[in-house]
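Colleague: I have not looked at this one before. Can you walk me through it?
Modeller: Go ahead and ask.

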Amino acid sequence: MNTFPYESFNEAVEAAGGYSTWGAPAGTNGTMVVLALLGIAISVISAVMVTVRENALLDHAADRLAEKYN
Amino acid sequence: MDIAAVATDGILTEAYYYFTVAIMWLLHVGFMTYEAGVSRRKNIMSTAMKNIMTIAVVTPTFYYVGFWVYFCMQEGLKFTGTADGNGNAGEAAYVCGEGYVVPWDASMSPNIGDNLTGVFWAAFVLFSWTTGSIMSGSVLERIRISAYLWLTALMGGIVWVIAAAWGWSYGGWLVIHFGYHDFAASGVVHGIAGIFALGVLFNLGPRIGRYDANGGTRAFKPHNLHLTLMGLMIIFTGFYAFYAACLYIQADTTGGYVNIYFVPATLSAITFTITMAFAGGFAGGYIFAKGDPFWTLSGGLAGVVAVSAGADIYSPSLTFVLAFFSAGLAYAAGNWIEQKARIDDAVGAVSVHGVMGFWGVLLLGIFAGGFPASGVVDVKTSFLGQLVGAAALIALAFFTGYIASWILKKLNLLRVPPEVELEGLDMAEFETDFFPEFGRADEPIVHADGSEEPAAGVLQGAYRDNR
């Protein structure tokens with residue numbers, strides 16, 4: 001037995017121009033912009049963190065190995 | 001067609017792309033396996049980590065920037081608000097200016113009114129990872145993981161996408177004005193990745209000990225060539241999905257399969273092509289490389305790359321012949337790059353993907369000139385059009401790769417310290433030995449005259465000479 005309100009749901013989606021996260025009208029959701037910017041920021045910051053962390057690891061290893069190879 | 005049939009049609013298209021994406025993951029399983037096998041024991045995990053993290057950086061770059069670039073840079077090095085690729089047809093095909101595929105648009109959300117954008121996006125993402133993974137092999141055993149990630153985000157998330165916007169879309173300027181045809185991305189994926197890698201290699205330099213003072217080339221032995229060959233076979237399996245994803249199928253609008261330029265094509269044709277190309281490439285690789293296992297399998301890859309541009313229209317016999325001789329050309333080019341140009345490309349990717357990619361672009365102009373290049377505008381393929389396309393894409397790839405790696409080099413963020421390279425990247429990057437139950441055997445090195453000796457003394461000498 002179908003219990004989902006397909007008809008009213010479809011009408012609501014059509015009226016909103018689509019469905020997007022949290023149900024706001026598609027393409028007009030300011031929260032989606034904020035989430036996208038957050039995602040971009042996390043991407044950039046994590047790449048910077050990988051770079052900084054690796055730099056420290058390699059510097060440490062190079063110092064440790066300097067005597068062996070020099 | 002009634003509404004129900006249209007809806008079913010869209011769902012089938014959605015499922016078709018979904019499964020090509022799933023199978024294309026095998027490309028990346030294969031790339032990781034292949035490159036880990038090529039690496040020396042001391043660099044295995046750092047090599048594999050590059051392949052894994054490719055997914056972590058290229059995917060968001062493509063989601064947030066790349067997909068939009070594809071739709072908005074069809075007309076060249078400029079963002080056009082109205083790029084529509086309509087040419088003479090007068091119909092808006094692309095909707096850059098309307099927000100389509102901007103990350104916060106409904107098209108990039110769980111939208112029950114849109115079955116297709118997500119799966120198209122994912123197919124493009126898998127192509128994006130592929131470009132990154134192609135470069136990954138070239139630079140292994142001395143590049144910093146972080147440097148590689150910046151470079152692969154640039155190339156996989158943006159540079160190849162610009163190339164695709166220009167030459168792998170029915171609205172691209174290379175297609176509309178020059179009839180550029182590159183069905184399965186000889187140029188826009190393989191060529192771009194290989195030439196971008198070449199630009200990076202100029203700044204990265206060879207591995208310590210790769211070349212001797214007399215101009216000879218030394219060889220490092222892969223720690224597990226079987227693993228490398230298995231990786232290539234897995235890549236080849238994924239290639240079938242890569243090819244399938246280069247087709248578009250939506251019966252209500254196209255009447256069947258079409259290529260990305262909306263010219264009719266069939267899944268059957270590309271199955272002929274790819275299978276015969278592998279056969280021809282393996283045969284050519286074996287013959288020209290005198291039975292060398294690595295180049296026999298790489299010959300198969302080179303053969304497929306060389307015919308990919310015309311895989312929708314070549315006859316199977318033509319494909320076999322072109323792949324056979326292209327494998328030989330890839331072997332010769334790889335040796336020239338390694339031994340004469342003294343560019344240390346650890347897996348021959350510049351030859352197999354870069355040279356073969358653009359060789360394949362030109363082959364199409366020779367063997368398939370005069371074919372309708374677009375289903376939207378009246379333009380035909382030609383050698384000149386392919387030449388213009390190759391020149392534009394080579395310039396795009398080389399200069400972006402060279403400039404980006406030059407900046408990293410100036411910041412001292414491109415290459416690991418030489419002491420770390422000698423010791424092995426894994427101990428420095430992860431501070432653990434991933435094979436604790438096995439002792440380290442002496443690493444061998446092969447001299448230009450074919451003789452072998454333990455590498456430690458040779459590498460130490462090379463390190464001191466270059467300091």
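Colleague: Which side chain does K42(B) meet in a salt bridge?
Modeller: The partner of K42(B) is E443(B), at 3.0 Å from N to O. A salt bridge here is a side-chain nitrogen of Lys or Arg within 4 Å of a carboxyl oxygen of Asp or Glu. The two residues are 401 apart in the chain: K42(B) is in the loop between α1 and α2 of chain B, and E443(B) is in the loop between α15 and β4 of chain B. Helices (H or I, at least four residues) and strands (E, at least two) are DSSP runs, numbered from the N terminus.

Colleague: Before I go on, what am I looking at?
Modeller: This is a predicted model, where local features need pLDDT of at least 70 and side-chain atom pairs count only at pLDDT 80 or more, while totals for chains, interfaces and linings use all residues. Residues are numbered from 1 along each chain as its sequence is written, chains are lettered from A and ligands numbered from 1 in the order in which they are written, and side-chain values use heavy atoms, with hydrogens and water left out.

Colleague: Back to K42(B): buried or exposed?
Modeller: K42(B) counts as buried because its relative accessibility is 5%. Buried means under 20% relative accessible area, exposed over 50% and partly exposed in between, with a 1.4 Å probe and protein chains only.

Colleague: What else does E443(B) meet in a salt bridge?
Modeller: The side chain of R40(B), at 2.8 Å from N to O. R40(B) and E443(B) are 403 residues apart. R40(B) also counts as buried, at 5% relative accessibility.

Colleague: Which residues are linked with these in a network of salt bridges?
Modeller: The network includes R40(B), K42(B) and E443(B), and also R210(B) and D344(B). D344(B) and R210(B) meet at 2.7 Å, N to O. D344(B) lies in the loop between α11 and α12 of chain B and R210(B) in the loop between α6 and β1, so the pair ties together parts 134 residues apart in sequence. Both are buried.

Colleague: How many salt bridges does the structure hold over all chains?
Modeller: There are 13.

Colleague: And how many between chain A and chain B?
Modeller: The count there is 1. K68(A) and E423(B) form a salt bridge at 2.8 Å, N to O.

Colleague: How many residues of chain A are in contact with chain B?
Modeller: 34 residues of chain A are in contact with 31 residues of chain B, contact meaning heavy atoms within 4.5 Å. The two chains bury about 2,700 Å² between them, 62% of it on carbon and sulfur atoms. Buried area is the accessible area (1.4 Å probe) that two parts lose on being put together, summed over both.

Colleague: What is the secondary structure of chain A?
Modeller: Chain A has 2 helices and 0 strands. Of its 70 residues, 24% are buried.

Colleague: New topic. Which residues touch the most other members of the largest nonpolar core?
Modeller: W160(B), W168(B) and Y243(B), in a core of 128 residues. A nonpolar core is a set of buried Ala, Val, Leu, Ile, Met, Phe, Trp, Tyr and Cys residues joined through side-chain atoms within 4.5 Å. Helix α4 of chain B, residues 145-167, supplies the largest share, 15 residues. A second, separate core has 17 residues, among them L65(A) and V416(B).
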